[in-house]
Structure formats: structure tokens, C-alpha cells
Amino acid sequence: MSAAAQPNPFPALTPAQRLHIEIYGYVIVENLLSAAEVNGLKDTLYEIEDRFRTSGQMPGPNCFNTSTTEQFFRIDNLPHLAPTFFDYVTHPRIVGMAQEIIGGPARLQQSDAHIRRPVPDQDGRYGFHRGINPAYDHTENGLYHFSFVKALTNLTDLGPDDGGTTVIAGTHKVPVDVPQEAIVAAAMDDPSMIHQVEAPAGSTLLFYESLIHAAGIIKSQKDRLLILGGYMPTMFQAWNGYDPDMDFAATVSDEHRALLTGESKFNWPRQRRELAEPMEVA
Ligand SMILES: O=C(O)CCC(=O)C(=O)O
């Protein structure tokens, strides 16, 4: 059995961070990962891409590629593929933040790591989307909780030309009755609503998956690497293709296995905070 899980902090967000995600649908927590963690993740991801391109070899069972183009290499379903990936998706602060927004125990619902390179002739066109519409939400102590949250960490420094994740602020609460094309068109008319991540490598964008978002447009010549975990309440299923590798899950601590498998299902004690409550410091 692997090392016991460290406790996840609660609250895992400062009052300012919690208010930011409440209002805008996202918050950036700068420098959440150390330089060593960032470098380990980058090395893992480049090695996986190199092996795939030279021999077509995949890094393990139960994983897949959403894309293998030169401009977008993506490996999906990560925890069992490398210790660096496992440590990311089980990182206590990341799981703590996800649980705080979900409002109770989380399971890993999806995990993927990307290498993005400049796309010729992209012409200012963003691929705005949301993975789920605003639904399955609730409030506790007046704060908005949602059933699908992502923690996306940039593994390269992001300046204004480096294509950081781009969001339409506040759209996490705009219901499905408003057509998405209309929301995107309205935001493009007033780009002050379009926010793009600029942050040092190792910074984490935490966002409600109902927030309309897109990969940014890389205008520099730099690779952009990222890793993300998607989290949901334990009674939800994994996203298609992201079911846990059960042989691997059997080797980790009980707490980590529950995070990967969602096995506690409807045993779901709610967690609630007051906005003013300070973040728990480990
Ligand atoms: O590439 C990015 O920054 C955004 C990733 C994304 O769109 C997603 O995870 O749904």
C-alpha cells in the first residue's frame, strides 16, 4: 500500500479566493506547485509524447489520447501512469479546494495533461465551451457550490502572448436557456469580460466547469504545458473513458482509493464554511 493520504485542508481557499470564484467563476492560486513538482510533471509529459511519436507506445493501460497533433498532444486518464501525475491529482490543497467548491467529498472524474503549440492562422478564434451546464448546484451559508470543478495548473510561465486559459468571467451562473453562441458573441463585443490566465508556472486555475472557457491563443513561439484534474461529488460517475485503473487503485491508501474510485458514493457529509473563515494552513 502506498503512503497514507495527507489530510486535505478546509477551508482550502482564503476568503478573497473564495469570493473571487463566487463572482467570476474562477480563481488563480499562484505558485501552488513547487518548481520541482512542475519540472517533474513537464519531464513526464515530454517523455510520454517522445515515446508516442517515436514508437507509438502508450504509457500504460487504461489511458488514451484526445489529440496527437503537433499543435496539441494530450494524454488522458493519468493517476496510474506516473507518480508525478498521481501526486498532482491527489495534492491535498487541490483536493481540498475542489471539495470546498463541491461542498462535500470529491472523486476524481477526469484527468489529463496537454502540450499546446502555436496554431498557424488561428485568427483570434477561441474554442469556447463548457463541459456541463449550470445545474446540480446548491448554496451553503450563501455561497455557490457546484458539482463539477476543475483544477488546471500551467506548467510553463504564462505572459500575455503565451495562450493561457481564457474564460468569460461570471458565465458559470448563466443558464442553458441563454444560447452559448449569444453569450460568446456578446462577450466578444466587450472583451473586458474575457479574462486570460497570466501566471508563473505552477499556478492553479480553479473553476466551475460551467464557466465558459477555452484554450488561449499562443502568439509567442513557446510550448504551453498544463495538467488538470476534474472533481465531482462521490455519487457521480467518472467521465467517459476516465474510469480508474482498478489494479492501481488496489495499491494505494484507502483515502486515495476512495478519491480515485468514488466508492463512498452517497455517504456524503456536507462541508460548509463562512466566507470570513480563514484558510486552514497545514
Ligand atoms: O487549454 C486550456 O487552457 C483549457 C483546457 C480546456 O478547455 C478544458 O479542460 O476543457
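Three strands make an open sheet in the order S9-S8-S11, with antiparallel pairing. Strand S9 (194-196) and strand S11 (213-214) sit at the edges with a single partner strand each, so one side of each has no neighbour in the sheet. Pairing here means that DSSP finds at least two bridges between two strands; helices (H or I, at least four residues) and strands (E, at least two) are DSSP runs numbered from the N terminus. Keep in mind that this is a predicted model: local features need pLDDT of at least 70, side-chain atom pairs count only at pLDDT 80 or more, and totals for chains, interfaces and linings use all residues. Residue numbers start from 1 along each chain as its sequence is written.

**Sheet and ligand shell**

- Strand S8 (residues 166-168) and S11 run antiparallel and are joined by two bridges.
- Val 167 has His 213 in S11 as its bridge partner.
- His 213 also turns up around the ligand, along with His 114, Gly 131, Thr 165, Ala 214, Ala 215, Leu 226 and Leu 228; the cut-off is a C-beta atom, placed from the backbone, within 6 Å of the molecule.
- At least two residues of that shell come from S11, and at least two from strand S12 (224-233).
- Sorted by class, the shell holds four nonpolar, four polar and no charged residues. Nonpolar covers Ala, Val, Leu, Ile, Met, Phe, Trp, Tyr, Cys and Pro, charged covers Asp, Glu, Lys and Arg, and the others, Gly among them, are polar.

**The loop between S11 and S12**

- Ser 220 lies in the loop that links S11 to S12.
- Ser 220 counts as partly exposed because it has 13 C-beta neighbours inside 10 Å. On this scale, 20 or more other C-beta atoms within 10 Å make a residue buried, 12 or fewer make it exposed, and partly exposed is in between, with C-beta atoms placed from the backbone.
- Leaving out residues up to four places away in sequence, Ser 220 touches Asp 161 and Asp 162; a contact needs C-beta atoms, placed from the backbone, within 7 Å.
- From Ser 220 to Ala 185 it's 35 residues in sequence and 26 Å in space, C-alpha to C-alpha.

- Not counting residues up to four places away in sequence, Val 149 touches Ala 98, Ile 101, Ile 102, Leu 206, Phe 207, Tyr 208, Glu 209 and Tyr 231.
- In helix H7 (residues 254-261), the buried residues are His 256, Arg 257, Ala 258, Leu 259 and Leu 260. They pack against helix H4 (92-102), strand S4 (106-116) and helix H6 (246-249).

- Most residues other than glycine have a negative phi, and most peptide bonds are trans.
- Phe 10 to Pro 11 is a cis peptide bond, with omega near -10°, and Pro 11 sits in the segment before helix H1 (15-24).
- Asn 31 has a positive phi near 55° and belongs to the loop between strand S1 (26-29) and helix H2 (35-55). Asn 31 is partly exposed, with 13 other C-beta atoms within 10 Å.
- Just after H7, Gly 262 has a positive phi of about 70°.
- Lys 265, in the segment after H7, has a positive phi near 45°. Lys 265 is partly exposed, with 14 other C-beta atoms within 10 Å.

Note on methods. Two residues are in contact if their C-beta atoms, placed from the backbone, lie within 7 Å.
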